[in-house]
Amino acid sequence: MAITVNIYYKGKDDNAKKFAEEMIASGTVDLIRKEKGNLKYEYFVPFDDKNTVLLIDSWESQEAIDLHHHSPMMKTILELREKYNLTMKVERYISDKDGIPESDKKFIKNAANVSICGSDCSKCYCFESKMCNGCNEHEGVVFHCNEKECAIYNCCVTKNGLKNCLECKNVPCEIWQKTRDPKFSDEEFAKNIEERIEMLKNL
């Protein structure tokens, strides 16, 4: 179980932003992230309200939160909140023990399902039918390569140690051109390459 607390800090002009900047610059945020049980501690600025800063603060348990509330970092937070005269709105959420329902997963683009060549494995019928868990999970040894390592994965990861093909100056390379779905026409394949490169850029 994880407990996530969303705190909306609001102040005059850019005081909320100054508060967050001082929290980071003073090293307080780093210390909080190192506390036992902390899962996430990050600031965000809403597009439609530049005078507000959102803190997403997530912990493993209520016990971890209680310990945090008695830490030296909490004293710093209270002092800085007073310094910048901030008001707060708080939301509290407890994680769903069952996780994301299968019916919702098809609407989520998960970076873990994007292969090193930019293909979204979650859109494949084999992925949906659970025949294959995706290129990343199988380290390039996938069904369409007759259980051998994909040539693209072999070049990118095994031989060159890259995170994905976008880190290579030759993308899209000759291997990309040779590794194509036979159902694609030349126009469809060219569009597919563009989409895959764009997918990698957005990771």
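Me: D49 has 23% relative accessibility and counts as partly exposed. What does partly exposed mean?

Reply: Buried is under 20% relative accessible area, exposed is over 50%, and partly exposed is in between (1.4 Å probe, protein chains only). This is a predicted model: local features need pLDDT of at least 70, side-chain atom pairs count only at pLDDT 80 or more, and totals for chains, interfaces and linings use all residues. Residues are numbered from 1 along each chain as its sequence is written, and side-chain values use heavy atoms, with hydrogens and water left out.

Me: What makes a salt bridge, and how many are there?

Reply: A side-chain nitrogen of Lys or Arg must lie within 4 Å of a carboxyl oxygen of Asp or Glu. By that rule the count is 9.

Me: Which residue does D49 meet in a salt bridge?

Reply: Its partner is K10, at 2.9 Å from N to O. D49 sits in the loop between strand 2 (38-44) and strand 3 (52-59), and K10 in strand 1 (residues 3-10), so the pair ties together parts 39 residues apart in sequence. Helices (H or I, at least four residues) and strands (E, at least two) are DSSP runs, numbered from the N terminus. K10 is partly exposed, at 38%.

Me: Where do R33 and D30 lie?

Reply: Both are in helix 2 (residues 28-33), 3 residues apart, about one turn of the helix. R33 is partly exposed at 42%. D30 is partly exposed, with 42% too.

Me: What is the N to O distance for K18 and D14?

Reply: It is 3.7 Å, in a salt bridge between their side chains. K18 is partly exposed at 37%, and D14 is partly exposed at 35%.
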